[in-house]
Amino acid sequence: MVAEPWHFESLDESHVIDGFRCGERQLDHYLRRRALDFQARDTARVFVAVRPGEKVVWAFYTLSNASLPRDALSEEEAAGLPDPIPGTLLGRMAVHRELQHSAEKLGRRALMNALLRAEFAARTSASCFLMVDPKEDSGAFYLGHGFVPAPGQPDRLLYAMSKIRELGLPPPE
């Protein structure tokens, strides 16, 4: 059995983040200056990718609670749902620039980990979807992995929790 090359865990003060560079200043700054504070204030949960037994961060993503007004969906999609509709926000996601185009596909691995954590959390705290508001250059990545545009909101992408469950992802570590 081959060992998994990446481990995803909750960010804490023991992680090495100073050398993280994804090429997007705002994301680098968030990880180094804001992520632990946001986590301590319960505004986001930050998960990082590290190699097993190490603490150097090579990728990260954030999850937090979100909602959409019922009128953001079509009548058919919103039928029987509360207003607002509960969901989960994939707020930020980045991969160190050294691994962005590598065969390891760390961005895809981070996204799959976010999907499984969102689905696992939805078992405890209701969530109908995972939502992302991607930058222009990353929209195709999310669309290629199952997200669909929110009706009337082309800059917002959704992945229905029911569709995530169909993927049959294992529970998070």
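Let's start at a hairpin: strand 6 and strand 7 form one, with two residues between them. Gly152 sits in that turn, and its phi is positive, about 75°. Helices and strands here are DSSP runs, numbered from the N terminus, where a helix (H or I) needs at least four residues and a strand (E) at least two. Strand 7 covers residues 153-160, and three bridges join strand 6 to it in an antiparallel arrangement. Across from Pro149 you'll find Leu157 in strand 7.

A quick word on what you're looking at: this is a predicted model, in which local features need pLDDT of at least 70 and side-chain atom pairs count only at pLDDT 80 or more, while totals for chains, interfaces and linings use all residues. Residues are numbered from 1 along each chain as its sequence is written, and side-chain values use heavy atoms, with hydrogens and water left out.

Seven strands make up an open sheet with mixed pairing, in the order 1-2-3-4-5-7-6; two strands pair if DSSP finds at least two bridges between them. At the edges are strand 1 (7-10) and strand 6 (148-150), each pairing on one side only. From one strand to the next, the twist averages 35°. Axes for such angles are lines fitted to C-alpha atoms, for helices over the stretch in contact, and the angles run from 0 to 180 degrees between N-to-C directions.

Let's walk through some of the pairings. Strand 3 and strand 4 are antiparallel and share nine bridges, with Ser67 opposite Pro86 in strand 4. Strand 4 and strand 5, on the other hand, pair in the parallel sense over two bridges, and there Leu89 stands opposite Met131 in strand 5. Strand 5 (residues 129-132) is also joined to strand 7, antiparallel, by four bridges. Leu130 has Tyr159 in strand 7 as its bridge partner.

What lies across strand 1, strand 2, strand 3 and strand 4? That's helix 1, which runs at about 135° to strand 4. Contact here means heavy atoms within 4.5 Å.

Next, the aromatic rings. The structure holds eight aromatic pairs. Rings of Phe, Tyr and Trp (its six-membered ring) pair if their centres lie within 6.5 Å; planes under 30 degrees apart count as stacked, over 60 as edge-to-face and the rest as tilted. Phe20 and Phe60 make an edge-to-face pair, at 5.6 Å centre to centre with 70° between the planes. Phe20 is in the loop between strand 1 and helix 1, while Phe60 is in strand 3, so this pair ties together parts that are 40 residues apart in sequence.

Two spots in the backbone deserve a look. Most residues other than glycine have a negative phi, and most peptide bonds are trans. Asp42 has a phi near 60°, a positive value in a residue other than glycine, and this residue is found in the loop between helix 1 and strand 2. Asp83 and Pro84 are joined by a cis peptide bond with omega of about 5°. Pro84 belongs to the loop between helix 2 (75-78) and strand 4.

Finally, the pockets. On a 1 Å grid over the protein atoms alone, a pocket is an open set of points where a 1.4 Å probe fits, with protein on both sides within 12 Å along at least five of seven lines; lining residues have an atom within 4 Å of a point. Grid points are joined across faces, edges and corners, and a volume is the space filled by probe spheres set on the points.

The largest pocket has a volume of about 910 Å³. Its lining has 32 residues, with Met93, Ala94, Val95, Ser138 and Tyr142 nearest the centre. Helix 1 (25-40), strand 4 (85-95), helix 3 (106-122) and helix 4 (139-143) each give two or more residues to this lining, and strand 4 gives the most, with six.

The second largest pocket has a volume of about 380 Å³. Of its 20 lining residues, Arg45, Leu63, Ser64, Asn65 and Ala121 lie nearest the centre. Here the largest share, five residues, comes from helix 3.
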